[in-house]
Amino acid sequence: MLNTSNNYKKYTVLYVEDEKIVRSNVEVCLNYLFNVIIAENGKDGLEKFKNECVDLVITDVNMPLKDGITMLKDIKEINPNVPCIITSALDLDMIEKIKSLNVCKCISKPFDMRELLDNSMEILKLE
């Protein structure tokens, strides 16, 4: 259940998604609770991660310029402890790649927004 009584605005979430409609809709919901940085692809996401203090990364996998898995590998080289959530339709090969990245949660698309918010809050409370 979504608990909005706590102040999560102190946390910054990097949300990386190439689909404009999905990105816009999720951004609105995430902004309700967190400070949100938006990126349109993995290359943009990595650059924003390097320049900002990020508490949680939420990313799609299949994107142009740099896919989410490659971006997360690069991010984990910078900060191996940053928690990550992947939102994607995953196949077995991708699941094996993701396991090596120490991802906190994989949420299949299309996903329920409440599930994404609940998981994000749960992960950040542990930090």
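This is a short walk through one predicted protein model, from its overall layout to a few single residues.

Hi everyone. Some ground rules before we look around. The model is predicted, so local features need pLDDT of at least 70 and side-chain atom pairs count only at pLDDT 80 or more, while totals for chains, interfaces and linings use all residues. Residues are numbered from 1 along each chain as its sequence is written, and side-chain values use heavy atoms, with hydrogens and water left out.

Let's begin with the layout. The chain has five helices and five strands. Here, helices (H or I, at least four residues) and strands (E, at least two) are DSSP runs, numbered from the N terminus. Read from that end, the elements go β-α-β-α-β-α-β-α-β-α.

How much of the chain is buried? Of its 127 residues, 46% count as buried. Buried means under 20% relative accessible area, exposed means over 50%, and partly exposed lies in between, with a 1.4 Å probe and protein chains only. The chain exposes about 6,900 Å², and carbon and sulfur atoms supply 48% of that area. These areas come from the Shrake-Rupley method with a 1.4 Å probe; for residues, only the protein chains shown count as cover.

Now, contacts. A contact means heavy atoms within 4.5 Å. Among contacts in the chain with a separation of 6 or more, 62% are between residues 24 or more positions apart.

On to the sheet. In what order do the five strands stand? They form an open sheet, β2-β1-β3-β4-β5, with parallel pairing. At the edges are β2 (35-39) and β5 (105-107), each pairing on one side only. From one strand to the next, the twist averages 20 degrees. Two strands pair if DSSP finds at least two bridges between them.

Let's zoom in on β1, residues 12-16, which is joined to β2 by five bridges. Valine 13 stands opposite valine 36, leucine 14 opposite isoleucine 37, and tyrosine 15 has isoleucine 38 as its bridge partner. Thr12, Leu14 and Val16 point one way from β1, Val13 and Tyr15 point the other way, and all are buried. As for β2, four of its five residues are buried.

What lies across these strands? Helix α2 (residues 42-51) lies across β1, β2 and β3, and runs at about 140 degrees to β2. For such angles, axes are lines fitted to C-alpha atoms, for helices over the stretch in contact, and angles run from 0 to 180 degrees between N-to-C directions.

Next, a residue in strand β3: valine 57. Is valine 57 buried or exposed? Valine 57 counts as buried, because its relative accessibility is 0%. Leaving aside neighbours within four places in sequence, valine 57 is in contact with several residues, including Leu14, Phe49, Met71 and Val82. Valine 57 and valine 82 are 25 residues apart in sequence, and 7.4 Å apart in space from C-alpha to C-alpha.

Now follow the chain into the loop between β3 (56-59) and α3 (68-78), where we find aspartate 60. Aspartate 60 has a relative accessible area of 5%, so it is buried. Not counting residues up to four places away in sequence, aspartate 60 touches Val16, Glu17, Asp18, Gly68, Thr87, Ser88 and Lys109. With lysine 109 there is a polar contact, side chain to side chain, at 3.3 Å. A polar contact is a pair of N or O atoms within 3.5 Å; within protein, one must be able to donate a hydrogen and the other to accept it, and residues adjacent in sequence count only if both atoms are side-chain atoms.

The UniProt record, an unreviewed entry, annotates Asp60 as "modified residue: 4-aspartylphosphate". UniProt positions are given in the numbering used here, feature names are shortened, and annotations may be inferred rather than shown by experiment.

One last stop: leucine 65, also in the loop between β3 and α3. Leucine 65 is exposed, because its relative accessible area is 68%. Its phi is near 70 degrees, a positive value in a residue other than glycine.
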